[in-house]
Amino acid sequence: MATSSPREAAAALPPLTSGPHRKRLGLISIVACFGGLLFGYDTGVINGALRPMSAELGLTPLTEGVVTSSLVFAAAVGALSGGRISDAWGRRKTILLLAVLFFVGTMIVVFTPSYEILVAGRICLGLAVGGASAVVPVFLAELAPYEIRGSIAGRNEVAIVIGQLSAFVINAIIGNVFSDVTGVWRIMFAISALPAVALFIGMLRMPESPRWLVEKGRHEDALEVLKTVRSEDRAIAELGEVEHIAEEESAENQIGLRTILTNKHLIRIMLVGIGLGIAQQLTGINSIMYYGQIVLIESGFSANAALIANIAPGVIAVVGGFIALYLMDRLDRRKTFMIGLTLTTTCHLLIGISSMLLEEGNPLRPFVILALVVAFVGSMQTFLNVAVWVYLSEVFPLHMRGFGIGVSVFMLWVANGILSLYFPSLVAAVGITGTFFLFAAVGVLALIFVFTQVPETRGRTLEALEEDVSTGAIYQIKAPTS
């Protein structure tokens, strides 16, 4: 049993080595990230499927908003419940359940005869999307060595934007080539059944989180898992570190919601997680991902041209995601957030100014706004999206990790849902100019929040972070700058 503090133990851990265990960790991350891929595809496919869907089912603008936002609001519930289920049932089993929900929801949508059943299918997909957004990053963070935790956990966000890009490309191809086929939107949705099956089959052969196993008293099982993704000496050392924290929590009875609510430091870190989640959404990123076609049509593109142009933000999101993975273990989290919010706020201001100065009918208007939208999405993906999901997966102590990320992502999805429901009305009421000036104002508030409230997490083990968060020391400790 380890007797040193988590911070001292981290310093004494054997270094990472190459070998079969590194390849095994890579395989686990690829399989788990099918959850992120499904998250991205199922949220992005509505962008191009909505118009033919509305034509076939006779949807009104109101019911279009309900169909779109029903997934998002359900995702809020899925994030909250998924986190709690994963704490009680295990990360791996919860992801298997989510794979089933993804498949069932897809089938309901594909074969729906009516608007009401369509909404039911979207709700089922939303529960799966929300659950995946809360559980997959935690699963990856708990399996990854702390030295490369950012790049491993961040792979899920890259999978999300790859899923969204896949949806945009498939929508553009099917929407332009097979536009006369009745029910073409059903084909767009049906494609997501394939990664759902792959996720289920793949996770059957994946291990459980070793940190969750220790929390449940299954120390031998945890060691066996760690030996598959670490060298043997490193696995034994890490197990001792995790056992040390678990023993301290057990001695102090640090379990349950009551403990969280009676510890001012845990309440504060919960509010930080909630604030980051809301700030990420209030940049308007998912309004672009869901309603990018509307924004581009408002800018001056034709409907078909907007469908094709909409691929550009998807491409830059994927490129930015890979750049973010490179930066995650090299740049402090706080610095990453500050750079990202500065860039996105600047893009919002430039979009608002451009739409104000370039009048409708000006041939440059649609291309200038498209370029600025691409710059915004690239900045968001490179410096904010990946970093926020990694941060939420690592900042909460083990005994409240599922609950903490669940509540934070719940609020993230609520903010997302409100924006997705009212974004078309907002554009109609104040135009692109007013909408993006509003996003810029929110960006300034988010910058102040990050600068004054968000502590650093990079460069320390989850167990060292746990000690610092529980005592409030995290607000005084700085991560390494190298």
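**Surface patch and nonpolar cores**

In this predicted model, a nonpolar patch on the surface is formed by Val100, Phe103, Val104, Val197, Phe200, Ile201 and Leu204, whose accessible area together amounts to about 540 Å². Two or more residues of the patch are contributed by each of helix 6 (91–110) and helix 11 (193–203). Valine 100, one of the patch residues, lies in helix 6. Its relative accessibility is 39%, and valine 100 is therefore classed as partly exposed, a category that lies between the limits of 20% for buried and 50% for exposed residues.

The largest nonpolar core comprises 136 residues, within which Met53, Phe189, Phe337 and Trp413 have the most contacts. The greatest contribution to this core comes from helix 22 (residues 401–453), which supplies 15 residues. For phenylalanine 189, residues up to four places away in sequence being excluded, the contacts are Val45, Ile46, Ala49, Met53, Thr106, Val109, Val110 and Arg122. Met53, listed among these contacts, is also one of the residues with the most contacts inside the largest core.

Leucine 349 is located in helix 20 (residues 333–357). With a relative accessibility of 38%, leucine 349 counts as partly exposed. When residues up to four places away in sequence are left aside, leucine 349 is in contact with Phe437 and Ala440. The C-alpha atom of leucine 349 is 9.1 Å from that of leucine 438, although the two residues are 89 residues apart along the chain.

Note on methods. Residues are numbered from 1 along each chain as its sequence is written. This is a predicted model: local features need pLDDT of at least 70, side-chain atom pairs count only at pLDDT 80 or more; totals for chains, interfaces and linings use all residues. Side-chain values use heavy atoms; hydrogens and water are left out. Patches are made of residues with over 30% relative accessible area and no salt bridge: like charges are joined within 9 Å, nonpolar side chains (Val, Leu, Ile, Met, Phe, Trp, Tyr) within 5 Å. Accessible areas come from the Shrake-Rupley method with a 1.4 Å probe; for residues, only the protein chains shown count as cover. A salt bridge is a side-chain nitrogen of Lys or Arg within 4 Å of a carboxyl oxygen of Asp or Glu. Helices (H or I, at least four residues) and strands (E, at least two) are DSSP runs, numbered from the N terminus. Buried means under 20% relative accessible area, exposed over 50%, partly exposed in between (1.4 Å probe, protein chains only). A nonpolar core is a set of buried Ala, Val, Leu, Ile, Met, Phe, Trp, Tyr and Cys residues joined through side-chain atoms within 4.5 Å. Contact means heavy atoms within 4.5 Å.
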